[in-house]
There are 2 protein chains.
Amino acid sequence: MVNQTSTTDPDHGPALRALIDPDGAAGKVDLDQAVRTAYSRDFGPRHDEFVPDAVIFADNVADVQAVLSYANEHSVPVIARGAGTGVSGGVNASEGCIVLSLERMNEILEIRPDDEVAVVQPGVVNGDLGDAVAEHGLMYAPDPASYRQATIGGNIATNAGGLRCAKYGVTRDSVLGLDVVLADGTLLRTGKGTFKGVAGYDLTSLLVGSEGTLGVVVSATVRLRYLSADSRSISALFPSIEDAASGVLAIGRRRVQPAIMEFLDAGTMAVIDETFGTDLSQRGGALLLVRTDGHGAAIEEEIVRGALSELGAELSEPGDDVATRLIEMRRASRGDMQDDAYRVGEDVAVPRSRLVDYVHRLSTIAAKHDVMLRVVAHAGDGNLHPTFWVAPEDGAAGLERLGQALDASVRAALEAGGTITGEHGIGQFKLRWLPWEQQEEVLQLQRRIKDVFDPRGILNPGKGIA
Amino acid sequence: MVNQTSTTDPDHGPALRALIDPDGAAGKVDLDQAVRTAYSRDFGPRHDEFVPDAVIFADNVADVQAVLSYANEHSVPVIARGAGTGVSGGVNASEGCIVLSLERMNEILEIRPDDEVAVVQPGVVNGDLGDAVAEHGLMYAPDPASYRQATIGGNIATNAGGLRCAKYGVTRDSVLGLDVVLADGTLLRTGKGTFKGVAGYDLTSLLVGSEGTLGVVVSATVRLRYLSADSRSISALFPSIEDAASGVLAIGRRRVQPAIMEFLDAGTMAVIDETFGTDLSQRGGALLLVRTDGHGAAIEEEIVRGALSELGAELSEPGDDVATRLIEMRRASRGDMQDDAYRVGEDVAVPRSRLVDYVHRLSTIAAKHDVMLRVVAHAGDGNLHPTFWVAPEDGAAGLERLGQALDASVRAALEAGGTITGEHGIGQFKLRWLPWEQQEEVLQLQRRIKDVFDPRGILNPGKGIA
């Protein structure tokens, strides 16, 4: 359903076209209803049904500057976006907004293998950068499940995580410097082109994860890591989630840092079984998928196998590709599913030792509120993705129960010393929980920082900060 | 020489004592001339000779809040400090200031081995934290040369680096959350207690490296890393710095990430020879010290040895302790030396592939301006510490030449795509170069952020940002 408020001020589209694409030949300003609708949301839940007045496809930095200058002058809300694969409603349209797509700015500007650095435009797809640097024996470490679609710009906006974070860090840890356009059209360069650098405040880290509320990234200098020459994947089926959680701690206690350590509960195994014809859920109650890499991969594999065997896990055979395939299935088990009102994927994180307690709490919460639940976790860093859902035919009553379960799960994560969002961001959807995590003084400070960058509040209003 | 301006407003000391230590029994407020003089500077160069009106030794968070509230109300500049081992003049006294020492707040509040997290007060000495977590098989990764004296609070203020950064990151990468007191006495909690977390803006990263200009850290939650079960140290003597720089690139091209990779020029080897009675400088023109660690340490050692042998390096014997001792000597070769007007240690960083070019530039610069030079570098991350000096008997003319050489060396680093400070911070000493690196709009943005945190400008004025 399209909201009529989308046409409050119908002149912005043509005015913007006159500014950056006068003869319309480049198709930079799209006013088509279907396009505007397609660009009105991401993969997360939605609060309303606004569509943007126009979708702008920027070709270059000057386009971004011109659009922002115009929007700032006319107080038009601007929602910058990449591929729209976010799951927190971070790019959902607001009333009278325009959407600024960076997809066309998708050039890898530079790869410097000896410096282990690349410079990319924001629209470069994460996986494409990975492919391009692989031939130099390098990788771009952050690997959100959507890495084949998601753009580096979007990853930067959300400080995206992924499977490899526990060992290789999140997006912020890979971003050295940014070119960014502020709300008034000013082009800034933050950060550095070197691994280290401490001149002034860390504006780069401030911008990473700011969900398009402080500026629009038009280029990023990123650090690359070494593509491992060796990697060993182990799948470990456990009778129960308690056993699997013990496995996570046992690997940690042996001081092995896996590249990947994924936890899947029985419900998630059932989804994989259904999709791929496997029989995991008949054979165990929880699954750990562990990958070691680096020059110590084989030694670490042996240590991991020893630790998990002791706990009674059923392990994949050394050298077979079961675990590798399961990791790929795991990547596919959630990232490509669109949430809706009746099914919501969560993204809390808790200290690692609290994993098993927290999964228990989730079960209790699901039972109490009569909602369905399955859980996957990046166990290495305590980042859980519980998915709660109800049957659409339960209608309003179901939604009420779902909301209560989500609230309770978030409270429980905070009580465990955790956070309401490990890697997906606040977006629009988690704003209501932000004051549960952050004290009013912290929220205020963020609003005042926002004012410094964007005094008229045109950049992605109503997202990211309370 | 004590400046008379230090007694502009002699009432603050007694007033502060009345506030936090009414009977004086705890010795929290020290007005003694010798103490005030001792706390008037760090190990860096100095612009002036101010001493603080009082030195406050805070015992707890309430003390810090009370002192800042008072100072804010009376617009008294406050310089928070740890051990004062910084080398950029970051805690040098300014006119009419008080110094707030956090040394007494030196408790390790919590070590949670399974979560791989510790919570510490700001006055905990870096090396003490390392010792305390070692028994759990863990380490606190940032290791500035002064780690046996420097405090975690000071490390956070400067975003301290060290030898292990290329593999394990700088201070910012190890700080998950902070308790911080703002200028007006407000106590805030930023960040998270988990490895991952993306709720709101990254205030934690903004505070790390802000050199005491945004708030005073009263507690930090830090991430710990695994203490390596194995480590292999290799020393490699090369005929020339070109050969040593080729060695750095050769190790990188074999995609081995050493835990430590230090470059020492002939001048630095001569200092070690003099101090420890070795004969390094007679045997080669440059030295690389490489340490591999982790479960792949032995495999990586072999790769490193192969790569460096091919380049004609004279390697230490496998298993002997020469390289280990040299790394310890290297740690001692600069960190404990106080700079003065006639000898200044620099801290630029350049992209790794530019190391050799840059070292050449330095030699040219030193020759042109007739100053002495030696160079060490954390070669893994392109962070160089050239030391320039002139004979004190050269007087003003010498200082003039020294200043010109420093300026030229900084310009050259920027021309190579580098930064004016890799890990020491801007402090007071490097303020003059900051506008060479950062455009006016970036400097302005930082001033406005500073205004948000500290509207009256009482926190370490004249440091860190221009």
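## A buried aspartate and its partners

In this predicted model, Asp143(A) counts as buried, because its relative accessibility is 2% and the cut-off for buried is under 20%. Its side chain meets that of Arg164(A) in a salt bridge, with 3.7 Å from N to O.

## A salt bridge between chains

Let's turn to chain B. Asp381(B) forms a salt bridge with Lys196(A), and their closest N and O atoms are 3.5 Å apart. Asp381(B) is in the loop between strand S17 (372-378) and strand S18 (383-389) of chain B, and Lys196(A) is in the loop between strand S9 (187-191) and helix H8 (203-207) of chain A, so this pair joins two chains. Asp381(B) is buried, at 4% relative accessible area, and Lys196(A) is buried too, at 2%.

## A partly exposed pair

Asp357(B) and Arg354(B) form a salt bridge as well, with the closest N and O atoms 3.7 Å apart. Here Asp357(B) is partly exposed, with a relative accessible area of 40%, and Arg354(B) is partly exposed at 31%. Over all chains, the whole structure holds 66 salt bridges.

## A hairpin in chain B

Strands S5 (residues 108-112) and S6 (residues 117-120) of chain B run antiparallel and are joined by four bridges. Ile111(B) has Ala118(B) in S6(B) as its bridge partner. Four residues lie between the strands of this hairpin, where Glu116(B) takes a positive phi near 60 degrees.

Methods:
Residues numbered from 1 in each chain as written. Chains lettered and ligands numbered in written order. Predicted model: local features only at pLDDT ≥ 70, side-chain atom pairs only at ≥ 80, totals over all residues. Heavy atoms only, no water. Pairing = 2+ DSSP bridges. Salt bridge = Lys/Arg side-chain N within 4 Å of Asp/Glu carboxyl O. Buried < 20%, exposed > 50% of the residue type's maximum accessible area, 1.4 Å probe, protein only.
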